[in-house]
Amino acid sequence: MEQIQIIDSKNHVGETVKIGAWIANKRSSGKIAFLQLRDGTAYFQGIVVKSEVPEEVFQLAKSLTQETSVWITGEIREDSRSKFGYEIGVTGIEVIGESHDYPITPKEHGTDFLMDHRHLWLRSSRQHAIMQIRNEIIRATYEFFNNNNFVKIDPPILTASTAEGTTDLFETNYFDQKAYLSQSGQLYMEAAALAFGKVFSFGPTFRAEKSKTRRHLIEFWMIEPEMAFMHQEESLEVQEQYVAFLVQSVLDNCDHALDVLERNREVLKKYTQLPFPRISYDEAVELLKKNGFDDIEWGDDFGSPHETFIANSFDRPVFILNYPKAIKAFYMKPHPTRDDVVICADMIAPEGYGEIIGGSERAIDHDYLLEQIRNHNLDEKEYSWYLDLRRYGSVPHSGFGLGLERTVTWLAGIEHVREASPFPRLLNRIYP
């Protein structure tokens, strides 16, 4: 008898197999017990018919409790009534590990409660579907960049300096020296791009900001490509191609997960249509003011209501171009004809999910960059290596960062970004 996983049921129709699984739920109609089984790859139903099994097997099936682990034996058969398409006619059950008083029952629970039990909440069908979409986005990310001749480079997680001077840092002691948990690998990616041409990193990022919103995490994962010999407009084309590729990959490979989450595929399909619309920061402020937003002035950064309104003015992700210099990072290239803005862009996701990409063309003039480092009260010694990149064969280069969890939240159509993170830290809990 072959041991299989649920996801492989289609290859074993008519065969008697063995499956290790957990009891997600069960119900009984007197002479038949219906077991909802999960094994980490998928969910399907096990049917236990009283007249077809020994009495002790049927009674065991009726007594099984939620999340008890079992070995199930039986015949795989097609089930046209279920979205999965297959079920198992159970002939034998062996309990592996009992489960009593499982805290997450089929009833409604609050998000705070579920986050406190995140280690168990991951077992639910909804969370399983979200993690499948997350996994597909990760897989597709590697495929996209590998297909486009990018080299993956891993920047350090402990750093001596900051990429975003206005963002709070997690400080730690590194052998009697100050070090910080990385808030971005971008500066290191610039060095790598000048060695390899096109590179990307994929790693953890930390922001020491006590945010209580549904969009922000203190610890999250970032994909950060950097491209030599590339100006901003070319970078925007890479960004929209990458995002469209992720959307199409989820549509192609996460069918069951999208069903579980009841995600509208027709809506997602629109997000593969290129090019994405573009609007300048100036135009965005004007659009908001014309539509009753009296809380925004030129020079302000956009908040969630502003981004949502701008996004809702289009049917696809939208780029907002060329923000004021005063609210952006020191390393961005100045605009060639204006002193007040820099060459940058944020990609705003539709449906109220906010910014998913931030990017810019990088300043390459050594003296200008040194001046910006001083203006931001940064330590020149800590950035001497970064200035070296402008001393020795600098070239036009651009890059961007995409937040994984916020992208998962958007494509999965879920409300809280914390659901897109497998194990959000205690400080990342949902607050009312």
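The second largest pocket of this predicted model is lined by 41 residues, and those nearest its centre are Tyr 43, Ser 124, Ser 125, Arg 126 and Val 260. The volume of this pocket is about 1,100 Å³. The chain around it comprises 432 residues, 50% of which count as buried, and its secondary structure consists of 13 helices and 17 strands. The points below cover the pocket, the overall fold, the salt bridges and the backbone features.

**Second largest pocket**

- Helix 4 contributes the most to the lining of the second largest pocket, supplying five residues.
- Four strands are among the elements that each give at least two lining residues: strand 2 (16-28), strand 3 (32-38), strand 4 (43-49) and strand 6 (86-97).
- Helix 2 (111-116), helix 3 (118-121), helix 4 (125-147) and helix 7 (255-261) likewise supply at least two lining residues each.
- The lining of this pocket is made up of 14 nonpolar, 15 polar and 12 charged residues.

**Overall fold**

- Taken along the principal axes, the C-alpha atoms of the chain fill a box of roughly 85 × 55 × 40 Å.
- Among contacts in the chain with a separation of 6 or more, 66% are between residues 24 or more positions apart.

**Salt bridges**

- The structure holds 27 salt bridges, among them the pairs described here.
- Side chains of opposite charge can pair when their charged atoms come close.
- Arg 77 and Glu 87 form a salt bridge in which the closest N and O atoms are 2.9 Å apart. Arg 77 belongs to strand 5 (residues 69-78) and Glu 87 to strand 6, so this pair ties together parts that are 10 residues apart in sequence.
- Arg 81 is exposed, its relative accessible area being 71%.
- A salt bridge also links Asp 388 and Arg 391, whose closest N and O atoms are 2.4 Å apart. Both residues lie in helix 12 (residues 384-391), and because they are three residues apart there, about one helical turn separates them.
- Asp 388 is partly exposed, with a relative accessible area of 29%, and Arg 391 is likewise partly exposed, at 41%.
- Elsewhere, salt bridges that share partners join Arg 77, Asp 79, Arg 81 and Glu 87 into one network.

**Backbone features**

- The peptide bond joining Leu 274 and Pro 275 is cis, with omega at about 0°. Pro 275 is located in the loop between helix 8 (265-270) and strand 13 (278-280).
- Glu 262 is not a glycine, yet its phi is positive, at about 55°. The loop between helix 7 and helix 8 holds Glu 262, which is exposed, with a relative accessible area of 72%.
- Asn 322, also not a glycine, has a positive phi of about 60°. Asn 322 lies in the loop between strand 14 (318-321) and strand 15 (344-349), and is partly exposed, with a relative accessible area of 22%.

Key:
Residues are numbered from 1 along each chain as its sequence is written. This is a predicted model: local features need pLDDT of at least 70, side-chain atom pairs count only at pLDDT 80 or more; totals for chains, interfaces and linings use all residues. Side-chain values use heavy atoms; hydrogens and water are left out. On a 1 Å grid over the protein atoms alone, a cavity is a set of points where a 1.4 Å probe fits but cannot get out, and a pocket is an open set with protein on both sides within 12 Å along at least five of seven lines; lining residues have an atom within 4 Å of a point. Grid points are joined across faces, edges and corners, and a volume is the space filled by probe spheres set on the points. Ala, Val, Leu, Ile, Met, Phe, Trp, Tyr, Cys and Pro count as nonpolar, Asp, Glu, Lys and Arg as charged, and the others, Gly among them, as polar. A salt bridge is a side-chain nitrogen of Lys or Arg within 4 Å of a carboxyl oxygen of Asp or Glu. Buried means under 20% relative accessible area, exposed over 50%, partly exposed in between (1.4 Å probe, protein chains only). Contact means heavy atoms within 4.5 Å.
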